[in-house]
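Hi everyone, thanks for coming along. Let me put the structure up, and then I'll walk you through a few spots.

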Amino acid sequence: MSTEFKNTPLIDFSDEENRRKMEDAISKVESELGKEWSLIINGKRIKCRDQFFSRNPSDYEQIIGIYQKADQQRAVMALDAAIKTFETWRFAPAEERAEYCFKIVDLMRENRFKLAAWMILEVGKSWVEADADVAEGIDLIKFYAHEVLRYAAEQPLTKVAYEESELRYIPLGAGIVITPWNFPIAILGGMTAGAFAAGNTVVLKPSSDAPGVARKFMEILEKANLPPGVVNLVTGAGSDIGDTLVIYPQTRFISFTGSKEVGLRINEHASRISMGQKWIKRVIAEMGGKNAIIVDTEADLDSAVEGVVASAFGYSGQKCSACSRAVVVSDVYDDFIERLIERTKKIKIGPAKYYENWMGPVINLKALASIMDYVEIGKREGRLLYGGRRINGNGNFIEPTIIDNLDRRATICQEEIFGPVLSIIKAQDFKDAIEIANDSEYGLTGSVYSENQEKLDLAKDLFHVGNLYFNRKCTGALVGVHPFGGFNMSGTDSKAGGRDYLLLFTQAKSISKKI
Ligand code: NAD
């Protein structure tokens, strides 16, 4: 049952016993690879005419599994199941919904190594990153369970002598949850649980690069006895079924995390009213980033180097929060660059299934080609300082890449690359550094390294991002501590893992009785 919310500690892999457990989990998951998996609609296993493969990005000859490619008919079938189930689930008491979440959390804890192993193999996360993803997923679901109870409690209203009043947060309806591949437990689990914990039903459309992890999450929901139809899993191409799911008149909300292009398309489609539609669809869209870390003259340079390397190259730069621009004030520029290159040389790259590899592959061949195109553009726009090559082999490995001598408006300083490519921009002084950092259509995360409190105070006022950090990396938001979501083209600032999040999945009903 509910206790006070606390963040889940990460697993210590310097402990031999923990390393052995993870190796065992990876072997176990490897023995389960290559199977065919169904859609899950209203608790039933459903097959489709077409299928697709999910592959290990560290070794693309290894097939993770075979998944169903849903067509529009299956998409509508899933929506109808969610719409029908809403008629009962909407009346499930808050305590019951919270209890399902706590049960799911317990099962995730029991399966912690296995869930991480699926991610290591399917999306190429290092052990530490995979464990952090599971821990974040646990935290988000636990946090939302507490939140459901808070929203169900009596809400503070101004009292008047002649009426008794109450305010209830009620669910919206049946909605769509569309998720990216890069946090296949944390983001997928958090978005899905946030929606159903608030009393809604869901059609879950995971990324085609991470359907296996999504399937494992569904198994956990089933083991927790979440009623059939509350969450319906539909795998397949977003380009085939995305529009159908969004445009459907009875779709009440769309909760999306992914690229700016797809998010804007969803927003546009959702704003058009279909025949028979009775509401304005709610769109929650969390999108890309072009995040900057400012390195000031009064920074601890070694710590800044550590923060930039972790933020830019952790999970091969494939986090929405990743640092893709280091903005360095000119007086410390040469010193910083020298230390950064020395540190980057020490990064160990290779298949994610081996603990010693700190950096794994990029997600797929399309991403690899797109990132390498940006590297070529970067070489023309600036000076290649380090890396820039693909590493030969069976996986999608790219060297951590650093490019400097760049204009702040250069393509590689403006467009999201979503790979291990860091642009370095020289600033004249601290104010110029903030202007450079803000010179982006995005506004997700940012960080400043400086020991000068006045400069940090200036950054608090001027650095326009949803998640601002000082003297630490710009990745690694903790549930409850750093509610997460960005400004401008980074999205609708939903602040996942914060106290405002569940409000997005509810509507408030004011009820008064004359006395
Ligand atoms: P993507 O936009 O390519 O895909 C995201 C999801 O949208 C997938 O499930 C995909 O199948 C689906 N989709 C594709 N076309 C669709 C359509 N027409 N209609 C409906 N759905 C459709 O993104 P991705 O490559 O999976 O993820 C990487 C992106 O996600 C990056 O831009 C990254 O910055 C962003 N991201 C943002 C956050 C955040 O919190 N702001 C977190 C993680 C990732």
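So, is C323 buried or exposed? C323 is buried, with a relative accessible area of 1%; buried means under 20% relative accessible area, exposed over 50%, and partly exposed in between, with a 1.4 Å probe and protein chains only. Before going on, a word on the model: it is predicted, so local features need pLDDT of at least 70, side-chain atom pairs count only at pLDDT 80 or more, and totals for chains, interfaces and linings use all residues. Residues are numbered from 1 along each chain as its sequence is written, and side-chain values use heavy atoms, without hydrogens and water.

Back to the cysteines. The closest cysteine sulfur to that of C323 belongs to C474, at 5.0 Å, too far for a bond. A disulfide here is a pair of cysteine sulfur atoms within 2.5 Å, and searching the whole structure turns up zero of them. C48 counts as buried too, at 12% relative accessibility.

Next, D331. You'll find D331 in the loop between strand 12 (323–329) and helix 11 (333–345); helices (H or I, at least four residues) and strands (E, at least two) are DSSP runs, numbered from the N terminus. D331 counts as exposed, at 68% relative accessibility.

Last, a helix pair. Helix 1 (residues 16–31) and helix 4 (residues 112–123) have axes that come within 8 Å and cross at roughly 65°; axes are lines fitted to C-alpha atoms over the stretch in contact, with angles from 0 to 180 degrees between N-to-C directions.
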